[in-house]
Amino acid sequence: MSAEYTPAAENDRIRVALLGASGKMGRRAVEAVTAAEDMELVAELTSTDPLERVLEAGATHVVDLTVPDASPDNVAFAVEHGLHTVVGTSGWVQQRRERLQAQLAQHPQVGVLIAPNFSVGSVLASAFAAKASRFFESVEVVELHHPAKLDAPSGTAVRTAEMIAASRAEAGVAPSPDATERDPDGARGAEVDGVRVHAVRLRGLEAHQEVLMGGPGEQLTVRHDAFDRGAYMPGVLLGLRRVAAHPGLTYGLDGYLDLD
Ligand SMILES: NC(=O)C1=CN([C@@H]2O[C@H](COP(=O)(O)OP(=O)(O)OC[C@H]3O[C@@H](n4cnc5c(N)ncnc54)[C@H](OP(=O)(O)O)[C@@H]3O)[C@@H](O)[C@H]2O)C=CC1
Ligand SMILES: O=C(O)C1=N[C@H](C(=O)O)C[C@H](O)C1
């Protein structure tokens, strides 16, 4: 296991500012941080609060659980002021991550964790699927979410597809076979690093993902279900405890877990 946050003094607590505190994730994170003995929740911001409140409150750490359009500016502000940052908001495409990495190079002591998914079960499912996918001819990702979700495909599905693509490339596996000649309406889904990703939005669902892998005469499915946002809170707290010990950008909670 990697090192955790080492406070300057034994009784120093992690001083957390929560961006997106009024949201579905934010409200659960308020409860989790408040209940953590080694943390103090010093600021709760919503869409109308100026980011300067984070500084006025004396935060050492920021958690961003907002919307894809706001998250990059929030994180840039935190890094600019030397605050370790844990990001759960989706939409952190490669170009955004590269811009953040360039900024972090100017602030080498600051740690940022972008966690497309804080659920340990989901992180494990993506890791298993990436490993397994090199043994199958075909692989596709299906993510299924509640209809209030703003972005598609989900950040988790994008990250999973990226991991699958990297694993298959390393093993020299050919692209999944596909004879489709006509797809005028995009029925074959999005393509992430050559891996097909399909998004379902359905009332009654929370957050679910299946990775379908097919070979001659067989199929392996790796499925993860999050039924409640409580599933993410141990990962949020783990991220807060470890981020200061990991300067620079970590993409994926698996970066803080010894999975190999
Ligand atoms: N990494 C993970 O494990 C998980 C990530 N997520 C992601 O977390 C994010 C938040 O999800 P969820 O809580 O369901 O979303 P909600 O819509 O419930 O909450 C969004 C929050 O962001 C705030 N907000 C909206 N617009 C802005 C803005 N322009 N600037 C600053 N704050 C803003 C809202 O404040 P206000 O109330 O004032 O509008 C609200 O507090 C999403 O991107 C989602 O995909 C979700 C679950 C798990
Ligand atoms: O919006 C959600 O609900 C979720 N968003 C994250 C994502 O985009 O992957 C994580 C999880 O899937 C729930």
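At roughly what angle do the axes of helix α3 and helix α4 cross? The axes of α3 (residues 71–80) and α4 (residues 94–105) cross at roughly 10° and come within 10 Å. This is a predicted model, where local features need pLDDT of at least 70, side-chain atom pairs count only at pLDDT 80 or more, and totals for chains, interfaces and linings use all residues. Residues are numbered from 1 along each chain as its sequence is written, while chains are lettered from A and ligands numbered from 1 in the order in which they are written.

**Helix α3 with helix α4**

- That angle makes α3 roughly parallel to α4, since angles under 35 degrees count as roughly parallel, over 145 as roughly antiparallel, 65 to 115 as roughly perpendicular and the rest as oblique.
- Axes here are lines fitted to C-alpha atoms, for helices over the stretch in contact, with angles running from 0 to 180 degrees between N-to-C directions.
- Helices (H or I, at least four residues) and strands (E, at least two) are DSSP runs, numbered from the N terminus.
- On the α3 side you'll find P72, V75, A76 and V79, which meet R96, L100, Q103 and L104 in α4; contact means C-beta atoms, placed from the backbone, within 7 Å.
- Sorted by class, the residues of this α3 and α4 contact are six nonpolar, one polar and one charged (Ala, Val, Leu, Ile, Met, Phe, Trp, Tyr, Cys and Pro count as nonpolar, Asp, Glu, Lys and Arg as charged, and the others, Gly among them, as polar).

**Helix α5 with helix α6**

- α5 (residues 120–133) and α6 (residues 155–171) have axes that come within 8 Å and cross at roughly 30°, so this pair is roughly parallel too.
- From α5, S122, S126, A129, A130, K131 and S133 meet T156, R159, T160, M163, I164, S167 and R168 of α6.

**Helix α1 with helix α7**

- The axes of α1 (residues 24–35) and α7 (residues 233–242) come within 10 Å and cross at roughly 60°, which makes α1 oblique to α7.
- This crossing is right-handed, with R28, A29 and A32 of α1 against M233, V236 and L237 of α7.
- Five of the contact residues are nonpolar, none polar and one charged.

**Around ligand 1**

- Ligand 1 is surrounded by 23 residues, the closest being G23, M25, S47, A70 and G88 (near means a C-beta atom, placed from the backbone, within 6 Å).
- The shell has 10 nonpolar, 12 polar and one charged residues.

- Most residues other than glycine have a negative phi, and most peptide bonds are trans.
- The A152 to P153 peptide bond is cis, with omega near -5°, and P153 sits in the loop between β6 (138–145) and α6.
- D193 has a positive phi, near 50°, in the loop between β7 (190–192) and β8 (195–201).

Note on methods:
Contact = placed C-beta atoms within 7 Å. Left-handed = near helix turned anticlockwise from the far one by under 90°.
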